[in-house]
Structures are given as C-alpha cells and as structure tokens.
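Me: Could you walk me through reading the features of a structure like this one? I would like the general idea each time, then the case at hand.

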Protein chains: 2
Amino acid sequence: MSKISVLRETKIDAHYFNMYASLMTTGNGYLGIRASFEEDYPEQTRGMFVAGIYNKAQEQVSSDLVNLPDVTKFWIEIDGVIFSMFSGQVSEFRRELDLATGELSRELVWKHPNGKQFGLCFKRFVSKKKLHMVYSKVAVTCLSDDATVRIRTGIDGQQTNFGTQHLVEDSLRVFSETWMQGEYTTTQSKQRIAVTSMVSQPGSFVAKNRQLHVTVNQELPKEQPFSVEKVSVIATSLEAENPAEFGLLQIREAKSYDEALIESQNAWEKFWRDYRVTVSSKNDFDQLALDFAAYHLEVMTPSHDERFSVGAKGLTGEGYKGHVFWDTEIFIAPFHLYNHPEKARKLLRYRYLHLEQARDKAAKNGYQGALFPWESAFSGEEETPEFAAINVRTGKRQKVASAIAEHHIVADVAHAVVSYYEASQDELFMENEGLKILQDTARFWLSRAVLRDGKYVILDVIGPDEYTEHVDNNAYTNYLAHENVYQTLRFMSKYGQKHTAFYDLCEAFLRKIYLPQPNADKLIPQDDTFLSKPEIDLAVYKEKQGSQAILLDYSRAEVNEMQILKQADVVMLLYLMPNLFSQDIVSHNLDYYEQHTIHDSSLSKAIHAIVANRVGQQDLAYRFFEEACRIDLEATSGGTDEGVHAASLGAIWLSTVFGFGGIAIMDGELHLNPRLPAEWERLDFSFVWHGERLEITLEQEHIAIRKQSTAPISIHVFGKEYCMTAGLEI
Amino acid sequence: MSKISVLRETKIDAHYFNMYASLMTTGNGYLGIRASFEEDYPEQTRGMFVAGIYNKAQEQVSSDLVNLPDVTKFWIEIDGVIFSMFSGQVSEFRRELDLATGELSRELVWKHPNGKQFGLCFKRFVSKKKLHMVYSKVAVTCLSDDATVRIRTGIDGQQTNFGTQHLVEDSLRVFSETWMQGEYTTTQSKQRIAVTSMVSQPGSFVAKNRQLHVTVNQELPKEQPFSVEKVSVIATSLEAENPAEFGLLQIREAKSYDEALIESQNAWEKFWRDYRVTVSSKNDFDQLALDFAAYHLEVMTPSHDERFSVGAKGLTGEGYKGHVFWDTEIFIAPFHLYNHPEKARKLLRYRYLHLEQARDKAAKNGYQGALFPWESAFSGEEETPEFAAINVRTGKRQKVASAIAEHHIVADVAHAVVSYYEASQDELFMENEGLKILQDTARFWLSRAVLRDGKYVILDVIGPDEYTEHVDNNAYTNYLAHENVYQTLRFMSKYGQKHTAFYDLCEAFLRKIYLPQPNADKLIPQDDTFLSKPEIDLAVYKEKQGSQAILLDYSRAEVNEMQILKQADVVMLLYLMPNLFSQDIVSHNLDYYEQHTIHDSSLSKAIHAIVANRVGQQDLAYRFFEEACRIDLEATSGGTDEGVHAASLGAIWLSTVFGFGGIAIMDGELHLNPRLPAEWERLDFSFVWHGERLEITLEQEHIAIRKQSTAPISIHVFGKEYCMTAGLEI
C-alpha cells in the first residue's frame with residue numbers, strides 16, 4: 001500500500017489561514033478542532049466542536065453547532081516580543097497534517113527582531129483512541145544565543161459563533177495547582193460542557209474575562225529545546241452525567257504526548273486498513289484527494305452516538321451552523337455503508353429517532369406521514385434559517401424557501417434506508433425501524449401529491465437544484481417519491497404486513513404518479529416549465545463556479561425564470577437510478593444539462609463525473625473528478641473558510657468507487673462496470689457487500705476481487721453475472 | 001495660553017496596543033470609542049460604548065456597559081497583501097491624539113513585501129458638536145509605483161464583552177446602495193441601538209455573520225492619494241424613539257470630514273477655555289498630564305443626560321463593567337462642580353433618581369433610609385459582581401464583600417450634595433432633591449449604627465481601603481456618617497423643616513457617635529483593631545504599586561490581619577475634612593499611614609499629594625503627584641488596558657487645584673493656601689464659586705484672582721479673609 005498522504009501548507013498567506021484551518025482540522029467524530037495556528041491572527045477563526053452540541057441563541061433563530069472554549073491557543077513571548085509569524089522573519093516554514101495519524105505539526109525558524117534565531121515546533125492531535133482527549137506540544141529552541149521565553153495557554157471561553165454567545169460560564173477552577181477546568185452550560189439547550197486542561201510545566205494561574213490561563217516562564221540556554229505539553233479533556237452532558245468529574249478522572253489518566261500519539265495512531269491504522277482507496281495515477285493529487293476525503297469523512301462522522309448526524313461542514317467550522325441536510329444520506333452515508341455498514345445504520349437511526357419531529361413538521365404543513373426537516377440539528381426539528389444573505393438592491397434579506405418546499409429529502413432518506421438494506425441485508429433493522437421510515441415517508445408523498453387530469457402530480461417544490469424554486473413535477477422529486485412508495489410496498493409485502501387501505505393508496509399512487517419521460521429531443525424535463533424558459537450564455541459564470549457570481553448580476557427571481565442550474569437534478573436522478581433510461585438518453589441529458597449547469601453547488605461535479613463515466617466519456621469524467629477534488633483542496637474566494645464541504649468529500653469517494661470503479665446497485669444487485677481514466681493505472685478499494693468485505697483491484701485490462709470467506713456472492717461484471725466464492729479475476 | 005498637549009504613541013509594541021487604545025479614546029460623553037488601530041491585531045480589544053447602554057447577559061450576573069458593534073475597522077489589502085504593521089516594514093510611524101480637538105491620527109510609511117512603498121494616513125474623531133457622529137478617513141498613497149488597493153469597512157456586530165454577547169441583531173440593511181445600517185436590541189435591558197454608516201466611495205456590499213461591509217477596489221497611480229471617508233451615526237432608544245430612523249436622518253446631514261472636524265473643534269475650544277489648567281513646569285509631562293486628565297474627564301461624563309453617571313473607566317473600556325462607584329462623587333464630580341456646576345448637579349440627579357433602589361437595598365439589608373449600591377449602572381440597583389478573581393490556591397473565586405459592607409458610599413454621596421450646594425448656592429436643588437438625599441442617607445446611618453457602652457458605633461464595614469475588610473469603627477466611615485447627619489440637620493433647619501422624631505434621633509446620633517481620636521502617638525486609628533495588627537516590610541510591594549502583587553504572596557484573609565493598606569482611609573479623611581485636626585496631627589498621620597500604604601489603588605497617590613502639600617511637604621507632594629499622573633500615562637502590567645482610571649484622572653485635577661493650588665472648602669467658605677512645588681513657576685486655573693468664574697494665577701511669590709462681575713465674593717488667603725469685588729492680587 002502506498003504511503004498515506006500528507007497534506008501540506010507551504011506558504012504563509014493570511015488569505016488562506018482559514019482555508020487551511022478547515023482542511024487540517026483534527027478530530028475523531030466526537031470532537032473537531034480547526035487547525036488554527038497556536039498564536040492568534042486577526043484573519044483566523046478558531047473552532048472546536050463536539051458533535052451534537054447545538055444551541056439556539058434566541059428563540060427565533062435556528063441552532064448553531066456551538067464553538068466551544070478554545071484550548072489550542074499558545075501565547076508565546078520571546079525576549080519580550082510576542083511571537084507571530086509576522087513579528088519576526090520566518091524561514092523553513094513547514095506545516096503538515098499527516099492523514100495517516102491525524103497529527104498536525106508545524107516547524108519554522110523565527111528570527112527575532114533582536115537578531116536571535118529560534119526554532120519553533122508545534123504539534124497537536126485529537127486522540128482517535130480516547131475520544132475526549134486533545135494533546136498538543138510546543139517546543140522552542142534558541143539556536144543562536146541564550147534567551148527567555150514566556151508561554152501562556154489555558155482555556156479561553158471568549159469563543160463565540162461569529163459573535164453569538166452560546167455558553168454561560170458556570171465556573172473556572174484550578175485543582176491541585178495543576179488541572180484547570182472551565183464548566184459551561186449552553187443557554188437554551190442546557191447542555192453542560194467541561195473543559196479540563198493541564199500543562200507539563202509549572203506556572204502561575206490567572207482567571208479573568210472568561211479565560212483561565214497558566215503562564216510558564218523559562219530561561220532558554222542556547223540550543224536547549226524547551227517544550228510544554230498540554231492535554232485537554234472535553235466532556236459534555238451528552239455522554240457524561242457529570243462532565244466536570246469525568247474530565248478530572250480522564251485527565252489523571254493522561255499519557256505523555258508521544259505515548260498517546262502511538263495509541264491514536266493505532267486506531268487510525270485500523271481505519272485506513274479498511275477504508276483506504278488507492279490509485280496509481282499520473283497525478284499524485286488524486287491520491288491526496290482520496291486520502292483527504294476519507295480522513296475527513298471519518299473525522300466528521302459521530303459513529304459513537306446515533307442521536308445526531310453529520311453536519312454540512314462536519315466538525316470543521318461554523319458554516320451552515322453545523323446542520324444536517326440530505327447530504328448525509330445521499331453523499332456521506334455510502335462511504336460508511338460499503339465499509340462499515342453499522343455506521344451507516346447509526347446515521348439512519350438518527351432519522352428514525354426523529355420521526356416524531358418529522359411527523360410534526362408534516363402535520364404543521366398540512367401533510368400526513370413524515371416530512372424530514374430540510375436542515376436539522378439535535379432536536380430533529382426544522383432548523384433552516386428563515387433568511388439568507390441580504391439583497392443589496394432591496395436592502396432586504398431573502399427568505400429561504402427550502403424548509404417549506406425542498407421535500408425531496410423525504411425520499412432521499414427512504415432511498416438510504418433501502419440502500420442500507422440492500423448492502424447489509426439487515427432484516428432486523430429493516431423490519432422494525434427501516435419499514436417504519438418507509439411507511440411514514442410514503443404516507444407523506446400520498447398526501448403531498450394531488451390528482452390532476454387523472455395523474456398524481458407534485459406541485460410547488462424545490463429540487464436539489466436550488467436555482468429553480470417552486471416548480472411542478474420536478475423529475476428528481478417525482479421519481480424518488482415513486483421509488484419511496486414502491487419500496488414501501490415491497491417491504492410491507494416482504495414482511496407480511498396487512499393489506500390495509502394504505503396499501504391500496506400506495507398502489508394507486510404508483511399507478512398514477514406522473515413520471516416525466518424523455519421528450520422528442522430525448523430530454524427529460526427537469527420540471528414542467530424548465531425547458532421552455534429562456535437560456536443565456538453561462539460561460540462566464542461557469543468560470544467562477546462555486547462562487548454564485550450569477551447572483552451579483554441577476555436576482556434569484558430572475559435566475560428562477562431562466563435555464564440556469566446550480567446543479568442538475570436530472571443528472572442526479574440518472575446517477576441514483578442507473579437503469580432508468582438507456583445510455584443514449586443518459587448521454588443526451590448529461591450533455592444538455594451540463595451546458596446549463598454552473599456547478600455553483602459543491603455536490604454537482606462529482607455526480608456528473610459518475611454519469612459521464614457510465615456513458616463512456618472517461619476524459620470528461622476525469623476532468624469533473626479533478627475539479628470536484630479541488631473544491632476544498634484548492635478552494636478560492638474563501639469557500640472553505642467556514643469548513644470543508646462534507647458532502648463533496650463523500651462525492652469524491654462516490655465518483656471513484658461508483659464512477660471509475662463502476663460500482664452500481666440495480667434492483668438490489670451488485671454491478672461492476674469499471675472504466676478507469678487514461679491517467680490511472682490501477683485502482684484498489686474495498687467494498688462490503690452482504691456482510692463480506694470485497695477487496696477490489698482494477699487495472700485498465702484487469703479486474704481482481706478477493707474475498708475472505710467462501711460464502712457465495714453474486715456480482716454482475718460488464719453485465720455478466722458471476723457467483724463468487726473464493727474471488728474473481730477477469 | 002500654552003498649546004494644548006498632544007498625546008503621542010511613538011513605537012509599535014503590541015504590549016501597549018490596549019493601553020494606547022484606552023488612553024487615546026475619542027469621545028464626547030455620549031459615546032466613547034477606543035483607539036484601536038483600523039486594522040485588527042490579536043492583542044487589540046476594540047470597544048465602542050454609549051453612556052447608559054448596559055445589559056445583564058444572564059440573570060445572576062451584573063450589568064455590563066455594552067461593547068457595541070464596531071465601525072472603526074478598515075481591512076486594507078494592498079497588491080494582494082493584507083495590511084498590518086507587521087505584514088510589511090513600517091517607518092515614520094506617528095500616532096497622536098490631539099487633545100485640543102479630540103482628533104486621533106496615524107501616519108506611517110509601509111514597505112510592501114513586493115518592495116513598493118506606501119504612505120498611509122488614518123484619522124478619526126467623535127464629534128463634540130453632534131454627539132452621535134463618528135468621522136473617519138483612511139488615505140493610501142503608493143509612493144514608488146502603481147498599485148491596487150482594496151478597502152473593506154462597515155458595521156461589525158461580532159463585538160462582545162470578552163465573549164459575552166449583549167446584542168441581538170434585528171436587521172442589517174443597505175439603503176439606496178449608500179447607507180448601511182445595523183439594528184440591535186440588548187438581550188435583557190431591551191435597549192435598541194442603530195448603527196448607520198456610509199463611505200465616500202462606491203463599493204459592493206455584503207452582509208454575513210453579524211457583519212455588514214462595503215468593499216472598495218481602487219487602482220493607485222503613483223503618488224496619487226486615494227482616500228475613503230466614513231461617517232457613522234450611533235443612536236439608541238435612550239434618546240430616540242426610533243433609533244434607526246434617527247440614524248438615517250442624521251447621516252443624510254453628514255458633513256465632509258474636514259467640515260465636521262471644524263465644527264467639533266469649536267466645541268472643544270469652548271471646553272478648554274473654561275476647564276484648562278495650565279502650569280509652567282520644568283517637566284513638560286505635568287502639562288500633558290493635566291490636559292490628558294481634563295480631556296478624559298470631559299469625554300467620560302454624560303452631561304447630556306442625568307439617568308446615568310460616570311463609569312470607573314469612563315467610556316474607554318470594559319473594565320469594572322462600566323459601573324459607577326463612589327469615584328464619581330468624590331473624585332470626578334469636583335472637576336465639573338468648580339467649572340460647570342450644572343454638570344455636577346446632573347451627576348447628583350442620577351443618585352436622586354435612584355433613591356428608590358437605594359431604599360430597597362437598605363430594606364433588603366435590614367436598614368432604613370437609602371443605601372446606595374457599591375456599584376451601579378442604569379437601573380440604580382446593586383451591580384457589584386458576586387465574585388472576584390479566582391484564588392489559585394483554593395481554586396475558588398473570592399466573594400466580593402463591598403456590596404454588603406462598603407457603606408461609606410452613602411456618606412460620600414451626601415458629602416457631594418453639600419459640596420454642590422456650597423459651591424453653587426443652588427437652593428432649589430438643595431431644598432428639594434438635595435435634602436431628600438441627605439435625609440434618606442442620614443436615616444440609613446441612624447439604623448446602621450448600634451449603641452455600645454453609650455456610644456453609637458458602626459460595626460463590620462469596609463472603608464475605602466479594601467485590604468481591610470469587616471472592621472469596626474472605620475475612621476473614614478464614622479466621620480463621614482457624622483458629617484452626613486450633621487448636614488442633614490443643618491439643612492432641615494435652614495429650610496424650616498418640622499422638628500420630628502427623626503430630628504431628635506439625628507441629634508442623639510451626633511452626640512453619641514464614636515469619632516476615633518488621635519492616640520498617645522497622635523495617630524487616628526483607621527479602625528478599632530488596625531493599629532494593633534502586625535506590620536511587615538512593604539518595600540517590595542510598594543515598588544510594584546498598583547499591581548496588587550501582595551496578593552500573590554498572601555491571601556486576602558492574611559492581608560486583612562496585617563497593617564497593610566491599599567489606600568489610606570485616614571489620609572482620605574484628612575483630605576476631605578481639612579480642618580478636623582491640627583497640622584501636627586495631620587503630618588504624623590500622613591507619615592505613619594504612608595509607610596503602611598502600598599498604593600495598590602489608583603485613588604491613593606494623588607490624595608497623599610494634597611495632604612502632603614497641606615503640611616508643607618511640597619517635595620513629597622510633587623513626587624506623589626508625578627506618580628499619580630503616571631498611573632495611566634505610563635501604565636505597567638496592562639493596568640490601563642481595560643480603560644483609563646477615571647477617578648485617578650479626577651484626582652490629578654484635585655491634587656493640582658486642591659493640592660498645589662491650595663483650594664480648600666471649610667465650613668462652606670473658600671480658602672486658598674497655594675504652595676507650588678519648586679518645579680513650577682506658575683499655575684493658572686479657573687474656579688467657579690457662587691456663580692462666578694474666578695481666574696486664578698499662582699506664582700511662587702504672587703497670587704492673582706480675576707473675576708468678571710463686581711459681585712462680592714469672600715475668600716480666605718493664607719487664613720486672611722478678603723472680600724473680592726474686582727479681583728485680587730497678593
């Protein structure tokens with residue numbers, strides 16, 4: 001196996017501080033800590049998040065993923081000058097996130113204004129073994145002379161979410177002149193958080209203005225490194241009855257930095273063994289992107305708990321307020337489903353546990369069944385903010401319509417339930433929780449559709465393409481609703497459920513639901529009116545894709561009335577349902593909709609890559625793939641400052657495994673139609689199907705599948721069915 | 001008249017950024033804006049405060065003076081590099097606060113990492129003419145080449161009080177693509193604030209994360225300065241029914257920077273004409289200190305409104321949460337009283353308007369009459385925080401006892417009432433509001449004192465010296481309580497009030513109150529036990545005065561049991577009551593208590609200067625005076641970071657006018673016993689007495705008093721009474 005990638009930041013440019021703080025986040029699914037530098041910079045936003053810790057600052061706003069008190073800051077004064085990379089001259093700067101171990105490190109040589117040279121080394125990791133523990137280490141060496149250093153660190157409760165305060169400080173304490181502890185309670189959700197820290201050197205403590213600090217003073221004889229290690233334990237009432245006590249207990253068991261790192265490293269090794277996708281590509285960037293995606297998909301997923309799910313920025317920033325979207329089911333869950341299906345089940349359990357809130361939402365909106373919130377957090381209630389960005393022409397903020405019309409999420413969840421079952425064959429889940437979700441979501445569609453000229457139509461919705469609002473018969477929505485109801489009937493039959501009136505209604509729905517068909521030009525209309533709207537040349541906006549630059553020239557209402565797509569719903573549909581139409585139709589639709597898509601959504605490109613690959617356009621697919629990989633790794637205009645694009649990272653994995661890897665699930669059957677791009681010599685990944693891990697190796701002219709047991713597994717390769725017992729080579 | 005001083009910051013050292021941000025605050029009594037640099041630095045705390053805008057973030061904590069959304073920040077990018085004084089090389093740095101005009105300016109030459117040279121100039125003032133208006137101006141010139149600049153500024157609602165959020169954002173708007181406006185409401189006090197800003201150059205607007213910004217892009221041809229002017233209007237529900245409307249109205253009337261500056265400058269000229277104290281000293285520093293003090297005393301005082309008073313840091317920072325202490329009546333009010341007595345009356349009206357809350361506090365504590373809160377804000381209720389800093393030995397926070405025992409504030413307010421009357425002869429105020437305060441405060445003392453062995457004693461108090469808590473018969477307290485009751489009777493008689501039971505109780509109190517007398521060593525005991533406590537050598541702590549370094553070696557409880565003073569209560573008493581004891585007694589007590597005083601309080605030194613001067617120790621007095629002047633101007637260990645020491649600035653004026661100037665008020669009569677220090681050739685100040693402004697010039701061997709009318713005024717000079725009609729020369 002090739003060496004797992006290292007993510008590097010090579011130059012010091014304040015424009016990119018927040019991008020790298022997001023990209024290099026350390027975490028473990030419980031905890032995420034932005035890779036802000038230890039010293040403060042005005043451009044840098046710190047962030048530490050515990051999955052599930054949300055709070056509503058006011059009644060009328062939606063919950064934020066709470067930015068917790070900081071433990072990463074080290075204030076360093078050397079010979080009386082406050083250290084920053086700008087207050088002296090820096091050379092030999094090197095910052096790395098080792099994706100293999102989750103360790104973040106920075107080394108540099110700093111020339112003091114007084115001429116002395118110093119070596120500084122900063123290291124940090126969040127333990128993958130002990131979910132609550134954060135280790136860090138700062139070492140200073142005077143390379144040229146003697147010097148004095150003063151280091152201050154502790155717990156900084158001044159952190160807010162962009163000025164919004166979520167935590168009341170309950171107490172700041174120092175125990176045994178060693179352990180610092182801050183206790184906090186969120187203002188509305190009443191979660192309790194305890195942050196407990198200690199450093200390896202004696203110092204003096206001060207508590208003031210929501211900060212608790214220890215200051216260490218040290219003489220630095222020439223060339224003798226002085227290092228301060230720090231351990232912090234983050235605990236909350238989500239998992240501990242008494243977080244403060246828990247913190248004190250855990251910190252007493254803290255190991256040295258190096259010992260704890262080995263422990264954490266071992267846990268990462270286990271992860272990489274199962275999850276890693278390797279590629280022999282002419283472009284090293286591809287492997288970096290795949291490792292980067294896998295690392296983040298792991299770090300963002302709270303596999304330890306099923307009461308909450310994955311936020312749109314994972315635990316890497318405050319963007320989208322940490323809310324959960326359809327992103328989880330459609331883009332993120334598959335990564336886990338086909339590696340460790342129990343983790344995917346936990347994500348579905350989150351939806352199952354909040355069926356009640358989804359039913360409430362449906363009822364409030366005049367529907368039956370379960371209408372999952374467009375955005376959700378801990379409570380499972382609708383959390384979509386009422387307003388989006390200000391409109392500078394009117395001076396007013398725009399209402400966000402997603403909560404009231406972006407209903408496809410209901411079918412997306414149902415789709416994920418079925419996918420989970422098909423991969424895992426988990427009858428226990430399916431018969432109980434899964435089917436409950438299917439029935440409640442199907443019931444929603446029955447009430448959502450209306451009869452018009454003998455057809456069930458679904459009116460006034462927003463599809464995944466948010467540049468086209470309030471349309472009728474969105475293709476993506478209608479097809480997925482059909483699938484939703486269809487699968488509900490299928491599983492009701494399978495588990496011998498009674499043939500009630502609901503069953504009849506479902507059957508009637510399936511008979512009469514309007515499913516848009518290709519028109520004379522072989523185009524599947526995205527909705528009833530889309531194809532009749534005027535077109536404009538999108539070249540200039542496509543160049544700035546991801547920036548929503550079109551909204552600077554046109555209002556949302558104007559965009560709505562043209563053939564302009566943020567992402568293409570029909571392409572998305574073709575991806576999810578590979579056997580719905582012929583290759584010819586797929587190809588025509590990809591061409592047409594691609595022309596009209598700006599790709600302002602980060603979910604767009606990778607899906608086009610998959611569909612392009614399926615219709616044999618590998619070159620185009622590879623270009624889409626590369627561009628999708630750059631969304632975070634080469635972010636422009638601050639797009640990643642508030643966190644990575646969690647779903648887009650899932651999509652990188654999808655476009656590799658489901659795109660070039662050629663995996664497809666059709667009617668519950670596993671298909672493999674690999675088409676590697678010219679740049680790739682070989683692709684290796686594992687894929688768990690029906691309880692067995694398949695190790696798949698793909699080369700331009702060769703396919704090998706290894707499996708561990710001899711239990712037979714059926715697979716279709718290029719349309720031909722094989723029943724594997726020992727494995728397969730083609 | 002000599003030129004009014006300019007306060008200068010000459011070097012760029014991040015350790016002093018917050019000190020200068022406090023010292024160079026611009027303001028006008030309505031508004032105070034810390035002199036943070038336009039660009040952000042991690043070490044720099046911004047602050048904008050409107051007098052009277054307080055908020056309690058939680059039920060159980062006390063009110064904060066709210067740190068309002070910022071309008072001072074300018075983010076500047078030059079040729080792609082974010083400007084900071086550390087991101088390029090700075091030369092010719094000059095920053096000044098012109099005390100004559102209240103204008104803050106900064107100029108510097110900045111060498112871009114690409115080698116180009118830029119001239120930058122920043123200016124700012126808060127209008128003294130239009131209280132709500134803030135003007136600023138940024139000019140950039142490329143000195144060596146062509147370049148491009150991008151400037152972003154607006155309204156930043158991410159400001160908090162050290163992480164505590166007080167404002168809910170109600171709306172962010174842009175009107176007519178010109179006026180930006182943010183509307184906010186405080187979470188608990190429900191004050192509404194509108195911040196309205198505009199800039200002089202066209203740009204594009206963005207609102208996000210509690211910030212509303214305009215970005216201006218500009219090409220910079222060589223040597224052509226590009227400048228952006230900005231006007232902001234700050235309005236609140238304290239003075240406007242609809243602050244947002246008010247803001248839009250005012251900003252339409254905004255003038256150009258230069259025009260508005262002239263208007264404001266005129267208002268400052270008027271101030272300086274009346275208030276300025278000039279001195280011909282061997283040390284230029286003395287004049288700077290006097291101008292600095294006068295400037296800040298004006299800027300901190302909300303003369304436009306009587307519903308609130310002066311906070312312990314004025315409007316210069318978040319220190320002491322903006323709370324009002326005895327500092328106002330004893331240290332700050334005299335500056336106004338003897339210049340513009342109507343301003344002093346307003347400060348007393350604040351107390352009068354909150355008699356109800358003071359009566360409530362007395363009742364809650366089991367007393368009668370009015371017990372003014374030790375700390376107060378807008379509501380007039382007790383606002384002293386329950387806890388002070390953490391004790392690192394126990395890990396616990398210390399309870400603050402001042403609210404329950406530091407009762408001298410009651411008599412301090414009464415003293416200020418009488419002083420006001422004596423100076424102003426304002427019978428209308430005195431007969432109505434003043435006497436009401438006197439009676440309610442006297443009633444408090446009657447209930448507060450207890451009979452022991454036939455004497456009224458006052459037990460378990462804290463005097464001004466907060467290093468000695470919970471003592472009996474604190475000399476300062478007992479004497480001032482006596483004075484309080486005595487004056488109450490005097491004015492009840494004067495205004496012919498009925499001879500009630502209350503009158504008898506007062507008389508009995510005056511007969512029996514225990515007033516500590518000098519002992520065999522001529523020492524007036526600070527309290528019943530002080531003189532019997534052990535002494536330690538304080539030399540090492542006196543060297544670090546102001547830092548409370550003693551609390552690092554001793555607990556508060558230990559300090560309490562030794563003869564260790566933060567400030568000397570007996571010296572304070574001798575200052576306030578100049579004719580209580582003979583010079584010999586005064587001299588002995590000054591010597592003794594000075595030895596035991598660390599001067600960890602900023603209120604201490606200047607008072608010692610006055611008393612030293614009265615007993616003929618001018619050299620010592622001058623040393624004390626100089627040290628008092630340095631408290632803010634040469635602050636160490638961050639002492640001024642959270643704001644200037646408002647009372648200590650009042651004390652600088654006192655020690656000049658009442659110290660070297662020799663002013664004393666005894667039995668309502670004006671005395672003048674000037675004793676200039678050897679370093680001073682001449683001292684000029686004006687003093688308003690009985691409605692007439694006396695222009696007093698003092699030289700080593702010469703006294704001249706000019707007055708404008710011929711109305712006779714009596715004055716005692718060196719003990720000899722003169723009746724002035726036209727003036728006086730001695």
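**Reading contacts, domains and copies**

Reply: Let's begin with one pair: A:Lys128 and A:Glu298 form a salt bridge, with their closest N and O atoms 2.5 Å apart. A salt bridge here is a side-chain nitrogen of Lys or Arg within 4 Å of a carboxyl oxygen of Asp or Glu. Please keep in mind that this is a predicted model, where local features need pLDDT of at least 70 and side-chain atom pairs count only at pLDDT 80 or more, while totals for chains, interfaces and linings use all residues. Residues are numbered from 1 along each chain as its sequence is written, chains are lettered from A and ligands numbered from 1 in the order in which they are written, and side-chain values use heavy atoms, with hydrogens and water left out.

Me: Into which domains is chain A divided?

Reply: Domain bounds come from an automatic or database domain assignment. Chain A has domain 1 (6-274) and domain 2 (276-660), and their C-alpha centres lie 36 Å apart.

Me: How many salt bridges and polar contacts are there between domain 1 and domain 2 of chain A?

Reply: A polar contact is a pair of N or O atoms within 3.5 Å; within protein, one must be able to donate a hydrogen and the other to accept it, and residues adjacent in sequence count only if both atoms are side-chain atoms. Between these two domains of chain A there are three salt bridges, and 22 residue pairs are in polar contact (both at pLDDT 80 or more).

Me: How do I read the area that the two domains of chain A bury between them?

Reply: The size of an interface is often given as the accessible area lost when the parts come together. Buried area is that loss for two parts, taken with a 1.4 Å probe and summed over both. Domain 1 and domain 2 of chain A bury about 3,400 Å² between them, with 60% of it on carbon and sulfur atoms. A:Leu23, A:Tyr54 and A:Trp272 supply 17% of the area that domain 1 of chain A buries against domain 2 of chain A, more than any other three residues. In contacts (heavy atoms within 4.5 Å), 44 residues of domain 1 of chain A meet 38 residues of domain 2 of chain A.

Me: What does the interface of chain B and chain A hold?

Reply: Here 39 residues of chain B are in contact with 38 residues of chain A. The two chains bury about 3,400 Å² between them, 53% of it on carbon and sulfur atoms. There are two salt bridges across this interface, including B:Glu642 with A:Lys208, whose closest N and O atoms are 2.9 Å apart.

Me: Where does UniProt place the "active site" feature?

Reply: UniProt positions are given in the numbering used here, feature names are shortened, and annotations may be inferred rather than shown by experiment. The unreviewed UniProt entry puts "active site" at A:Glu466. Leaving aside neighbours within four places in sequence, A:Glu466 is in contact with A:Trp374, A:Ser402, A:Glu406, A:Arg556 and A:Lys566.
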